Amino acid sequence: AALALSALVTVHEVTTCATNADSVKLPAPGTVGEVHIVINNGAATLQVFGSGTDTINAVATATGVAVATIKRAIFVALTTGTAARWAMILGA
């Protein structure tokens, strides 16, 4: 039920995150080095999932990774295709 983020946009501001684990899904990466920035300006922790069987920091898509309230995360595609790998860098 995660909201799919657009592949055409690289900066995604989430302003409605009312309960912990409200979630978004990264698009399938089209190129190695593709970057998506997710900004959580909601009231609760945001869960971010990959697309299909992608992993984020070696965490399975079904689990996802958390971005706390008023935090930012940069996601960089390390590979593409089936079971692509993303690196997540947390920021302030």
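How many bridges join strand 6 to strand 10, and do these strands run parallel or antiparallel? Strand 6 (residues 55-56) and strand 10 are joined by 2 bridges, and they run parallel. In this pairing, Thr55 stands opposite Arg85 of strand 10.

## Ground rules

This is a predicted model: local features need pLDDT of at least 70, side-chain atom pairs count only at pLDDT 80 or more, and totals for chains, interfaces and linings use all residues. Residues are numbered from 1 along each chain as its sequence is written, and side-chain values use heavy atoms, with hydrogens and water left out.

Strands (E, at least two residues) and helices (H or I, at least four) are DSSP runs, numbered from the N terminus. Two strands pair if DSSP finds at least two bridges between them.

An open sheet of 6 strands has the order 2-4-9-10-6-7. Its pairing is mixed. Strand 2 (11-14) and strand 7 (59-60) stand at the edges. Each has a single partner strand, so one side of each is left without a neighbour in the sheet.

Strand 9 (residues 71-77) runs antiparallel to strand 4 (residues 35-40), and 6 bridges join them. Here His36 has Phe75 as its bridge partner. Strand 9 also runs antiparallel to strand 10 (residues 85-91), again through 6 bridges. Several residue pairs mark this second pairing. Arg72 has Gly91 as its bridge partner. Ile74 stands opposite Ile89, and Val76 stands opposite Ala87.

Another open sheet holds 4 strands in the order 1-3-5-8, with mixed pairing. Its edge strands are strand 1 (3-4) and strand 8, and each pairs on one side only.

Strand 5 and strand 8 run antiparallel, joined by 3 bridges. Leu46 has Val67 in strand 8 as its bridge partner.

## The nonpolar core

A nonpolar core is a set of buried Ala, Val, Leu, Ile, Met, Phe, Trp, Tyr and Cys residues joined through side-chain atoms within 4.5 Å. Buried means under 20% relative accessible area, exposed means over 50%, and partly exposed lies in between (1.4 Å probe, protein chains only). In soluble globular proteins, nonpolar side chains tend to be buried together.

The largest core has 17 residues. Leu26, Val38, Leu46, Val48, Ile56 and Phe75 touch the most other members. Two or more residues come from each of strand 5 (46-49), strand 8 (65-67), strand 9 and strand 10. Strand 9 gives the most, with 3 residues.

What does Phe75 contact, leaving aside its neighbours within four places in sequence? Contact means heavy atoms within 4.5 Å. The partners of Phe75 are Leu26, Glu34, Val35, His36, Val38, Val48, Ile56, Val65, Val67, Trp86, Ala87 and Met88.

Val35, Ile74 and Ile89 make a nonpolar surface patch of about 210 Å². Patches are made of residues with over 30% relative accessible area and no salt bridge; like charges are joined within 9 Å, and nonpolar side chains (Val, Leu, Ile, Met, Phe, Trp, Tyr) within 5 Å. A salt bridge is a side-chain nitrogen of Lys or Arg within 4 Å of a carboxyl oxygen of Asp or Glu. Accessible areas come from the Shrake-Rupley method with a 1.4 Å probe; for residues, only the protein chains shown count as cover.

Ile89 lies in strand 10. Ile89 counts as partly exposed because its relative accessibility is 46%.

## Loops and positive phi

The loop between strand 9 and strand 10 holds Thr82. Is Thr82 buried or exposed? Thr82 has 76% relative accessibility, so it counts as exposed. Thr82 and Ser51 are 31 residues apart in sequence, and their C-alpha atoms are 9.3 Å apart in space.

Ala83 is placed in the loop between strand 9 and strand 10. Ala83 is not a glycine, yet it has a positive phi of about 60 degrees. Its relative accessibility is 40%, so Ala83 counts as partly exposed.

Asn57 sits in the loop between strand 6 and strand 7. Asn57 has a positive phi of about 50 degrees, although it is not a glycine. At 39% relative accessibility, Asn57 counts as partly exposed.
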